[in-house]
Amino acid sequence: MNASTTEFALPTVERPRMDVDIVCVGFGPATAGFLTTLSKQLVKLDGTPAIESAAMPGMPPQVLCYERADDVGFGVSGVVTRARALRASFPEIEKAGIPMAAPVGEEKVLYLLDPFGASRRSATLRLADSFIRAFKFMLPFEQHALQLPWTPAFLHKQGGLVLSMGQFMQWAGAQVQSAGLAQIWPGTPVSHALIESKKVVGVRLLDQGVDKKGNVSDGFTPGMDIHAALTVVGDGPVGPVGRQLDDVFGLPENHHKRDWAVGMKFVVDLPEDTPLKPGAVLHTFGYPEPEIFGFLYVHPDRVASLGIFVPSWFDSPMRTAYRYLQHWMLHPSLWRYLKGGKLRSWGAKTLGESGRRGEPHLTGDGYARIGEGSGTTNVLTGSGVDEAWASGTQLAEAVLELLKAKKPFTKENLEATYVKRRRASWVESEARVAEKSRNGFQKGVVRGMIGMALAGLTNGKFTLGGEPVQPWKRIPTIEEYYSGRISRGEIARLRGECKAKNISLHGALMDKVGWPAIPFDGQLLVSHQDALLMGGKVQAPPGYADHVEFLHPELCEKCGTKICIEVCSGQAITLGGDGVPNFDREKCVHCGACLWNCAQPLPDNPERMNIAFRAGTGGLHSAEN
Ligand SMILES: Cc1cc2nc3c(=O)[nH]c(=O)nc-3n(C[C@H](O)[C@H](O)[C@H](O)COP(=O)(O)OP(=O)(O)OC[C@H]3O[C@@H](n4cnc5c(N)ncnc54)[C@H](O)[C@@H]3O)c2cc1C
Ligand code: SF4
Ligand code: SF4
């Protein structure tokens, strides 16, 4: 393993140990799907074990799940989903009374034009915009937005559900826990997997009572070692255990994890007279920058989830999701629905957008990978929850088969059961269609949109070329990005001013190129700091090491873009006096964006950048996100 990217030098101490049958890392939709399916078949109707535990003979298999966040209802997501896998697990899901759930209603896709002339549009896009404006009387054009005449079939979610990730996960967690056959432990980050002779034998929980650097301090409590015959890794796109396995076992040939996005969302109360109906689904592209996609989904009781995705292929050193989200909300075609609304909660999280091409080795001796970290997210259909859930259920069926046959969890056995099921499923066939669908975006937005449409309409037979490159290669300098719009001298002046005030630079630069000021109203348009408080920031408990670290300070000292500061969703990364940024654990919302928003590669690994993002505590807690 590359210790510099994933692990502290942990103290060698006597550690408490527990032996179980199955240990899971992370409680997202993937693990929820796994535990839901598994726990239904571990005991007979009379309550006696259907399968006997090896760790505790006479009992059903002992299954534990550790979740980093302080509650099982943590999660930041859309969510609109076709809910095929969810419905297979819960055929009566519509009648289950899940709060904030609604059947999908009207779906619309809007192309947003720039009403302020501030966004960076290519000549082709400007030409297209002029054409649309010239013929707007003939087109479904309103409030600076063109509604696509039809929503392509591959984007449709008809028959599906609008959900709140937090509410759904709380409900799913309650279903699992009420069966009494699996324990879920929130507030318990897993530090790393225990690997012996290339076999995963369990996990180690995070040490407590250490200083920021991980050194033993007052009240030191070593993290427990949990030994298990099977470790299920469902820790999402930026999970440290998944990345550790990527480091140790490598990725399959030609696979890489280079495409990412940070999704930032608000949950809002819509105004009382809103015309939007529960289940309404709105997707946007084109604004505030052409690369930024947006969504608005309506829950019952006038509540909406809305947000944007800022992708790694947005070639800008100013990838600030918060400010762009506010400009997106203020677009006339959206503001007409949002004006008078009120912020309820807020959140941000990374999406792993490499899909099938980022698929790691799904199994090995003693472990299996599920969910987004295992490459399930489909970037063509814009769907991740159902796919993650499906991968969890496929693993559960495989595990039940192996347990019943008393076969060990070797790579060979897991391949013959879990991977076989996954390859035969719609998750795989749809992932293949989506695999190259976004390649075009590597060479521009117009090409990207055409490529996506081509892939969607031809079932992946045709795509437009463009190999994904490492995110750091796509980050121009600030001077390059604003060339022709802000002079080098002016950039230097603004940089100095912001440094003196210890604030990030993007606000000043965006003001300078014409982005209008945000008219804060204290209700819906609030400062980033206020959003942090309103979003349900959880205090990071003391006694844990910093989970974000700048690995090679000398690289930071000479780094001009400092994109890590600009992108930080929680304003947790700020300027440091010597050119090396500061990290404030209290403010981090664990979005994971800093992991892939760094302008410098590691000297020994071009696939990784100069930031370590490890297991940590705290973050956001909103049961609505
Ligand atoms: C803003 C946004 C909007 C989205 N919209 C949609 C949508 O409309 N429809 C859709 O289908 N999908 C959507 N997605 C994608 C979807 O949310 C993901 O694909 C899905 O959540 C993946 O599920 P998962 O279980 O694999 O991972 P995750 O949901 O990421 O869950 C992983 C869990 O592991 C935990 N964890 C991580 N590290 C550790 C550790 N060291 N120890 C213990 N626990 C750990 C995390 O806290 C987390 O709870 C959206 C995502 C975002 C960010
Ligand atoms: S972490 Fe990366 S982006 Fe941030 S200052 Fe260091 S090198 Fe630059
Ligand atoms: S420091 Fe925390 S909040 Fe900031 S980008 Fe990194 S993970 Fe997100």
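An open sheet of eight strands, with mixed pairing, runs in the order β6-β7-β5-β16-β17-β18-β15-β19 in this predicted model. Strands here are DSSP runs of E with at least two residues, helices are runs of H or I with at least four residues, and both are numbered from the N terminus. Two strands pair if DSSP finds at least two bridges between them. At the edges of the sheet lie β6 (141-142) and β19 (342-352), each of which pairs on one side only. Strand β6 is joined to β7 (residues 145-147) by two bridges, and the two run antiparallel. Within this pair, E142 stands opposite A145 of β7. As a reminder for reading such a sheet, strands pair through backbone hydrogen bonds, either parallel or antiparallel.

Residues are numbered from 1 along each chain as its sequence is written, while chains are lettered from A and ligands numbered from 1 in the order in which they are written. Because this is a predicted model, local features need pLDDT of at least 70 and side-chain atom pairs count only at pLDDT 80 or more, whereas totals for chains, interfaces and linings use all residues; side-chain values use heavy atoms, with hydrogens and water left out.

Another open sheet is formed by three strands, in the order β3-β8-β4, with antiparallel pairing. Here β3 (80-81) and β4 (102-103) stand at the edges with a single partner strand each, so one side of each has no neighbour in the sheet. Two bridges connect β3 with the antiparallel strand β8 (residues 161-162), and T81 stands opposite L161 of β8.

Five residues lie between the two strands, and G214 takes a positive phi near 95° in the hairpin.

The buried residues are P240, V241, G242, R243, Q244, L245 and D246. Just after α6, G250 takes a positive phi of about 70°.

Taken as a whole, the chain has 19 helices and 29 strands. Its radius of gyration, taken over C-alpha atoms, is 24 Å; this is close to the 25 Å that the globule rule (2.2 Å times the number of residues to the power 0.38) gives for 625 residues, so the chain is as compact as a globular protein of that length. The C-alpha atoms fill a box of roughly 75 × 55 × 45 Å along the principal axes. Of the 625 residues, 61% count as buried. Among contacts (heavy atoms within 4.5 Å) with a separation of 6 or more, 76% come from residues 24 or more positions apart. The chain exposes about 24,000 Å² by the Shrake-Rupley method with a 1.4 Å probe, and carbon and sulfur atoms supply 55% of this area.

Two ligand shells complete the picture, each made of residues with a heavy atom within 4 Å of the ligand. Ligand 2 is surrounded by F550, C556, C559, K562, I563, C564, P581, C598, A599, Q600, N610 and I611. This shell has nine nonpolar residues (Ala, Val, Leu, Ile, Met, Phe, Trp, Tyr, Cys and Pro), two polar and one charged (Asp, Glu, Lys and Arg), with the others, Gly among them, counted as polar. Around ligand 3 are C568, S569, G570, I573, F583, C588, V589, H590, C591, G592, C594 and F613. The shell of ligand 3 divides into eight nonpolar, four polar and no charged residues.

Methods. Buried means under 20% relative accessible area, exposed over 50%, partly exposed in between (1.4 Å probe, protein chains only).
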